[in-house]
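Reader: Could you walk me through this model, one kind of feature at a time? I would like the general idea, and then the case at hand.

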Amino acid sequence: MSEQAVAEYRIEDLAHHSGATVRTIRAYQDRGLLPKPERRGRSNVYRDTHLARLRQIADLLDRGYTLASIKELLEAWDAGRGLGGVLGLVAEVHGPWTDEEAARISRAELNERFGGRPDDDAVGEACELGVLEAVPGRPDEFLVPSPQELAVAAELYAAGVPLSAITGHLRELRGQVEHIASRFLEFTTEHVFARYLGEVPPTDADAAEAATMVRRLRPLAQQTVDAELARAMRLFATRHLQRHLGTAGAAQPSGPMSVPMPAETVRAVQELVGSEHVGEFVRAATERELQARTMNELARRAGG
């Protein structure tokens, strides 16, 4: 590389500084992802613009973009539409969606938190689920992307829940949460982001505005899920406790009770017996069910 104000690189120097191989650089040139170098005698000369482009390509590949989609983005930039906003949007979406910071844990600490005995199968399943990540060159150390998630697992284990049940629950929960995330993205894309993403790739201004909207909406999904989970836990925990404790000793209502019924059920009964007979029908159906259960219980006792 020369010492001129404008840096110049041979292809080998460019490969060294960018982290790409010479073969990869030539492949990018063939696909039109990289501007043609300046021909000087029998050598090709590359500049900082080539180095910057290679780093942009590497960054977009790391974020999951294909070479075909990267080419579209770069062509839009070369056409003068700008890429700063698009890259800002990519960075905003790819950035952390939680304030939680990853931590590290040794194998000895891990064993201590989960019963004091090594369990290679459990560690392997935790790595498969992404609760733990192996640290290259450090077989006795793990990265913990979510210390909170690991702490919850440790508390459940200390409370008597087997590790196999914990991982099974996490797999089920993850599927449900991924469904919620997918629906939230579909919802916000339809009602918010469609106006920014109608043109592919979006203009620099639209992409920059979409990135701002991502920052504004980022916490909403978690806030909504937190509120709904709290509501559901309060409702179902109360029902669960009542079911297990039974009604013995509980105060019983002395008068009539209002029992909510689904609207579709009420409509079906109205169509069947008429609006004026809904209450009578429900009362008769309830009495019939109670009588049937009483007969079944008597038969069970007689048979026992």
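Author: Gladly; the turns below go through strands, cores, rings and single residues. Please keep in mind that this is a predicted model.

Reader: Then let us begin with the overall picture. How many helices and strands does the protein chain have?

Author: The protein chain has 12 helices and six strands. Buried residues make up 24% of its 304 residues. For contacts with a separation of 6 or more, 58% are between residues 24 or more positions apart.

Reader: How should I read strand pairing in general, and which strands pair with E3?

Author: The general idea is that strands of a sheet pair through backbone hydrogen bonds, either parallel or antiparallel. Here, strand E1 (residues 8-9) is antiparallel to strand E3 (residues 43-47), with two bridges between them. Tyrosine 9 has tyrosine 46 in E3 as its bridge partner. Strand E2 (residues 38-40) also pairs with E3 in the antiparallel sense, over three bridges. In E3, serine 43 is the residue opposite arginine 40.

Reader: What is the strand order in the open sheet of three strands?

Author: The order is E4-E6-E5, and the pairing is antiparallel. Strand E4 (103-106) and strand E5 (133-135) are at the edges and have a single partner strand each, so one side of each has no neighbour in the sheet. Ignoring direction, neighbouring strands of this sheet are turned against each other by 40 degrees on average.

Reader: How many bridges does each pairing in that sheet have?

Author: E4 pairs with strand E6 (residues 138-144) over four bridges, and E5 pairs with E6 over three bridges. E5 and E6 form a hairpin with two residues between the strands, where glycine 137 takes a positive phi near 80 degrees.

Reader: Let us turn to the nonpolar cores. Which residues touch the most other members of the largest one?

Author: Leu14 and Ile25 do, in a core of 19 residues. Helix H1 (11-18), helix H2 (22-30), helix H3 (48-62) and helix H4 (67-81) each supply at least two residues of this core. H3 gives the most, with four residues.

Reader: What is isoleucine 25 in contact with, beyond its neighbours within four places in sequence?

Author: Its contacts there are Ile11, Leu14, Ala15, Ser18, Ala20, Leu34 and Leu54. There is also a second, separate core of 15 residues, with Leu110, Phe114, Val131 and Val144 among them.

Reader: Now the rings. How many aromatic pairs are found in the whole structure?

Author: A search finds two. One of them joins phenylalanine 193 and tyrosine 196, with 6.4 Å centre to centre and 55 degrees between the planes.

Reader: Where does the charged end of arginine 218 sit?

Author: Over the ring of tryptophan 97, 4.6 Å from its centre.

Reader: Last, single residues in helix H9. Is threonine 188 buried or exposed?

Author: Threonine 188, which lies in helix H9, has a relative accessibility of 6% and so counts as buried, the cut-off being under 20%. Not counting residues up to four places away in sequence, threonine 188 touches Phe193 and Leu217.

Reader: What about arginine 174: which contacts does it make beyond four places in sequence?

Author: Leu129 and Glu149. Arginine 174 is also in helix H9 (residues 163-191), and is partly exposed, with a relative accessible area of 28%. Arginine 174 and leucine 129 are 45 residues apart in sequence, and their C-alpha atoms are 9.6 Å apart in space.

Methods
Residues numbered from 1 in each chain as written. Predicted model: local features only at pLDDT ≥ 70, side-chain atom pairs only at ≥ 80, totals over all residues. Heavy atoms only, no water. Pairing = 2+ DSSP bridges. Core = buried A, V, L, I, M, F, W, Y, C linked by side-chain atoms within 4.5 Å. Buried < 20%, exposed > 50% of the residue type's maximum accessible area, 1.4 Å probe, protein only. Contact = heavy atoms within 4.5 Å. Axes fitted to C-alpha atoms, helices over the stretch in contact; angles between N-to-C directions. Phe/Tyr/Trp six-rings, centres within 6.5 Å; stacked < 30°, edge-to-face > 60°. Lys NZ or Arg CZ within 6 Å of the ring centre and 35° of its normal.
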